[in-house]
Amino acid sequence: MLIPESTMDSWKSDRSSTAYEPWLVWFDMRQESHSQEQSAVSAAQSQESERTKASKACCFCWCCCCSCSCLTMRNTNNGDNGGRNESSADANGDANDNPSLDEIRNWARSFDTLMSTARGRRKFREFLRSEYSEENLLFWLACEELHKEMNPSVVEEKARLIYEDYISILSPKEVSLDSQVREVVNKNMTEPSPTTFDEAQQQIYILMHRDSFPRFVNSKMFRNLLEKASQNQ
């Protein structure tokens, strides 16, 4: 039922009249309800706007306490390109990639010797790939490349990529670090430098030395290397 505007004005101006009191109560309640609805709609629109802005923002939460969409997309797009920070010698090898018998024997005696040569690292990497732990060596190589950088902007970019690839809990190539070392890395990432990942790199080096290296020198792959080198003597 439509109520004439003149009648409404009459009701408003005569609040003391008991004849119109029920209608005034209804009118006031209707006005108050409408005002509350408008406030609720405005609040909901404001919250939706904030959520939209947040979803579009590209955050770099170094401790990875949130599921950052930009990190997820980067990890998805990277695929198996774990060698983007490694040297060309480690990635490509040389024309003659067959180590000598003496070289292989030296590898068996010392993990440091194995890791000091590009050819040794490539053979070790092949073994790690067969054990699905190649990311450990890739992380170590990426840290070595970071040590060579002096340009602050390049250092910051490379440090960010290393973090996303090997430290972030969102990465499929995350390396195994204890909580104390991870905390040090997160702190260092506030001001990235060539030594940002030194503690983490050392821990992964020790892990490869104690865990993967003994299996490598006792593996069928290593025996095949020895046999092939012996035949080429």
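This report describes helix packing and the nonpolar core in a predicted model.

## Nonpolar core

The largest nonpolar core comprises 39 residues, and F124, F139, F197 and M208 have the most contacts inside it. Two or more residues each come from α5, α6 (111–116), α7, α8 (134–147), α9 (152–167), α10, α11 and α12. The greatest contribution is that of α8, with eight residues.

Leaving aside residues up to four places away in sequence, F197 touches F139, C143, L146, A159, I162, Y163, I167, V185 and M189.

## Packing of α10 and α11

Two packed helices are described by the angle between their axes and the distance between the axes. For helix α10 (residues 179–188) and helix α11 (residues 198–217), the axes come within 8 Å and cross at roughly 150 degrees.

On the α10 side, the contact involves V181, V184, V185 and N188, which meet E199, A200 and Q203 of α11. By residue class, this contact consists of four nonpolar, two polar and one charged.

## Helix α12

Helix α12 (residues 220–231) contains 12 residues, and its first and last C-alpha atoms are 17 Å apart, close to the 16 Å expected at 1.5 Å a residue.

The buried residues of this helix are F222, L225 and A229. They lie on the same side of α12 because they cover an arc of only 55 degrees around the axis. An α-helix has 3.6 residues a turn, so residues three or four places apart point the same way. The buried residues of α12 pack against α5 (101–109), α7 (118–130) and α11, whereas the face turned away from the buried side carries the exposed residues K220 and Q231.

Technical notes:
Residues are numbered from 1 along each chain as its sequence is written. This is a predicted model: local features need pLDDT of at least 70, side-chain atom pairs count only at pLDDT 80 or more; totals for chains, interfaces and linings use all residues. Side-chain values use heavy atoms; hydrogens and water are left out. Axes are lines fitted to C-alpha atoms, for helices over the stretch in contact, and angles run from 0 to 180 degrees between N-to-C directions. Helices (H or I, at least four residues) and strands (E, at least two) are DSSP runs, numbered from the N terminus. Contact means heavy atoms within 4.5 Å. Ala, Val, Leu, Ile, Met, Phe, Trp, Tyr, Cys and Pro count as nonpolar, Asp, Glu, Lys and Arg as charged, and the others, Gly among them, as polar. The expected span of a helix is 1.5 Å times one less than its number of residues. Buried means under 20% relative accessible area, exposed over 50%, partly exposed in between (1.4 Å probe, protein chains only). The arc is that of the directions from the helix axis to the C-beta atoms. A nonpolar core is a set of buried Ala, Val, Leu, Ile, Met, Phe, Trp, Tyr and Cys residues joined through side-chain atoms within 4.5 Å.
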